[in-house]
Amino acid sequence: MYGYFKFELKQFFTNKKNLAIYFLLAFAALFYAFKIAPAYDPIEKVDREEIEARYLTRQEFIDDLSKRNLREIHPTSVRAYYDFADINPLDKARMDALDANDLKKYAEVTSDWYIQMNYLTFYNENLFYNDRYYVADREFANVEGALNAMDQHFRYGAFNEANYELSIGVFEQRTALQTFERLLKGPLPLILIICTLLLAIDIVTKDRRHPSVLKGFPIADWKKLLMKIGVAFIGSIALFVPLLIGFMIIGAQSGFGHLKLPSPEYALNFMQIGNESLANMMTLGMFLGRSLSLLIVWFIVIINVVVLCSVLFRQEMVNLAVGLFVIFGEKFYMNRGIGYFWEVEKVPTTYIHVGKVVSSYQNYFLGSENVDYQLGLLLLSICAVVLLVIALLISLNKRFKLVK
Amino acid sequence: MIAIENITVQFADKKVLNDISIKFEQGEMIGLVAPNGTGKSTLMNVIMNYLQPTSGKVSFNGNLSYSSKSNEVRIHEFVSMMPDQSDLYNHLSGRAHLKMFATMWKSDPKLIDETIEALNMGHYVNKKTGTYSLGMRQRLCFAMQIVANTEIMMMDEVMNGLDPNNIEVISKILMKKKAEGKMIIIASHLLDNLEKYADRIFLFNDGKLVDTNEIIEGFSQAKIKTVRVKNMEESVKALLKEKYPIIEQQTLVTDMTLLHLPRSEPMLLSELTEFLVDNNVMDFAFGKVTLNDLYALYYHEVV
């Protein structure tokens, strides 16, 4: 059986289509590492000049109003006067910390600054978050701004208690590990799952090109299927190798970061400002561990989908169509707040956005408290087992031929 | 031992194999001869369980049959069929193919180099099979089965695309395997070669297997009972018929005339030689009906 496994493995890694996938992914990783990652421009960044500009403008306003009788001034100006008087000392402290290169102090006051700013902005229709949130088609820009502000509040709070080295790169999430975190919350899981689908798509059907070589092997069909699943799984894990190249380059440019860095897990009512119990702080290591475990279960599900379809239909195009349907199935029902009406947490395809599920961003987006990493892991594992059992049962049928 | 019991394979109205029952023993080399599409490969596919027969069963060593998937695996551990050259992996080397078969059947890895040497494949075996000629691919397919080294080996058109030297080399290896006690079943069109080495040769007729000995008595025995005359003139044939009415004449599409002797007596042979020489017939040979002749006779290719 080991011989068959080795034979399949060799075929897999000499398959031109598979090599092309690895090559394209490596190219994309290099392009990202050299071009996109260095140009990363976060909205919430450490910018002393911006802080100073804001500080000076507000201070001038405060100085001006402090010389006047507040009873003669418009109430909104009076309110602004008191708000600015609260916020400006924090901005001053942030600048002083940066000047002194005291990043821990900067983290402490910035955490306070974000909670204070968020409190002022979110409930005040005359105040706004950073301009860059307000772009075309972003219907919930204000909410996104508040969410990010809270995210920053929790992160800086954790930085304040850090026992590892801090840097501006860490604050702006530019390190390799944090870049990986951001990508896992973005399109990377989808890209990797699609790559897995493409890698596995012909793992069974390719045998029809060599029937007389393979048909007589003294190995049971169910064992062959298990070997193929194993090989496709190893192949999907190997997708991380090209990514590792990009990871190393980003690490060399911006530092690798640390597994103890914070990674907030949002709660549904995350934005009830000031209620700090509404977010759990994971370490980045925990976030990556959970995300990768969910992603790996997704790989297995997709491979098993392909194997079952291959056993049933023996057509690569059917494998592709069904695989894509599974991957993009959530598009049919996914909408902001849909979790309030439907129990979307019971549908495995809801868990396709791996990083967002682990960070519980999906809870916030769907308006559901139940989209949980562990439930996703359980549902997907059940799917993987059911698909595998069906495929193996079919292969045990006396009339079934894996290679025709 | 293979016991084929009442095997019938029917596609629509056509019975390709019709209630075939026969036994093949270890140490035998069996030849299957028939025109294309008459059931040679079908029979092999049934023996390998690549094709489910409409009725009947194949059993091995007494009681092992394709009654379950696990039995199929057990049978395939000692029964193999030579792969088709068009099914080779073009991006893999010949050696990789040989290793693959040796690994699958857990045979002695030394067999790989021994077979490469015996088949004179050393100069190309490490190259990708996509670069091989037809003959090279055919030798590789044969080598793959030799390396698998199963107790029962089946080969469909094993000599296709091979030059006479390689046919001889392969024949010798087959004889060696037979001497080791392996059962070898060969379907082939290269009839001379098959005739030389096979213990039993079967023709197919209407889905039935027919032993050549049933068609011509003593076919497999080395007795002079036939004179084969090339391009015999009609006048000589008539003269012969008149003088020796007991000698049966048959002319094949190849312009070969067979003179069947009732017995192989030296006197009769001597007289016949004299008669032929007197009538200016110089191209003749004494012997027995060859498989080529039999093939032409049996499949009605007689003038």
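**Exercises on helix packing and a chain interface**

In this predicted model, the buried residues of α5(A) pack against α4 (75-99) and α6 (141-160) of chain A.

**Exercise 1.** Determine how the span of helix α5 of chain A relates to the expected span, and identify buried residues in α5(A).

*Solution.* Step 1: Helix α5 covers residues 103-122 of chain A, which gives 20 residues. Step 2: From its first C-alpha to its last, α5 reaches 27 Å, close to the 28 Å expected at 1.5 Å a residue. Step 3: The buried residues of α5(A) include A:Leu103, A:Tyr106, A:Ala107, A:Thr110, A:Trp113, A:Tyr114 and A:Met117. Step 4: An α-helix has 3.6 residues a turn, so residues three or four places apart point the same way.

**Exercise 2.** Describe how helices α8 and α13 of chain A cross, and state which residues meet.

*Solution.* Step 1: The axes of α8 (residues 176-184) and α13 (residues 284-313) of chain A come within 11 Å and cross at roughly 45 degrees. Step 2: Therefore α8(A) is oblique to α13(A). Step 3: The crossing in which α8(A) passes α13(A) is left-handed. Step 4: A:Leu177, A:Gln178, A:Phe180, A:Glu181 and A:Leu184 of α8(A) meet A:Leu284, A:Phe287, A:Leu288 and A:Ser291 of α13(A). Step 5: By class, this contact of α8(A) with α13(A) has six nonpolar, two polar and one charged residues.

**Exercise 3.** Characterise the side of chain A that touches chain B.

*Solution.* Step 1: In chain A, 18 residues are in contact with 21 residues of chain B. Step 2: Both α1 (2-14) and α10 (211-214) of chain A supply at least two residues each to this side. Step 3: α1(A) gives the most, with four residues. Step 4: By class, the side of chain A that touches chain B has nine nonpolar, five polar and four charged residues.

Notes: Residues are numbered from 1 along each chain as its sequence is written. Chains are lettered from A and ligands numbered from 1 in the order in which they are written. This is a predicted model: local features need pLDDT of at least 70, side-chain atom pairs count only at pLDDT 80 or more; totals for chains, interfaces and linings use all residues. The expected span of a helix is 1.5 Å times one less than its number of residues. A residue is buried if 20 or more other C-beta atoms lie within 10 Å of its own, exposed if 12 or fewer, and partly exposed in between; C-beta atoms are placed from the backbone. Two residues are in contact if their C-beta atoms, placed from the backbone, lie within 7 Å. Axes are lines fitted to C-alpha atoms, for helices over the stretch in contact, and angles run from 0 to 180 degrees between N-to-C directions. Angles under 35 degrees count as roughly parallel, over 145 as roughly antiparallel, 65 to 115 as roughly perpendicular and the rest as oblique. A crossing is left-handed if the near helix is turned anticlockwise from the far one by less than a right angle, and right-handed if clockwise. Ala, Val, Leu, Ile, Met, Phe, Trp, Tyr, Cys and Pro count as nonpolar, Asp, Glu, Lys and Arg as charged, and the others, Gly among them, as polar.
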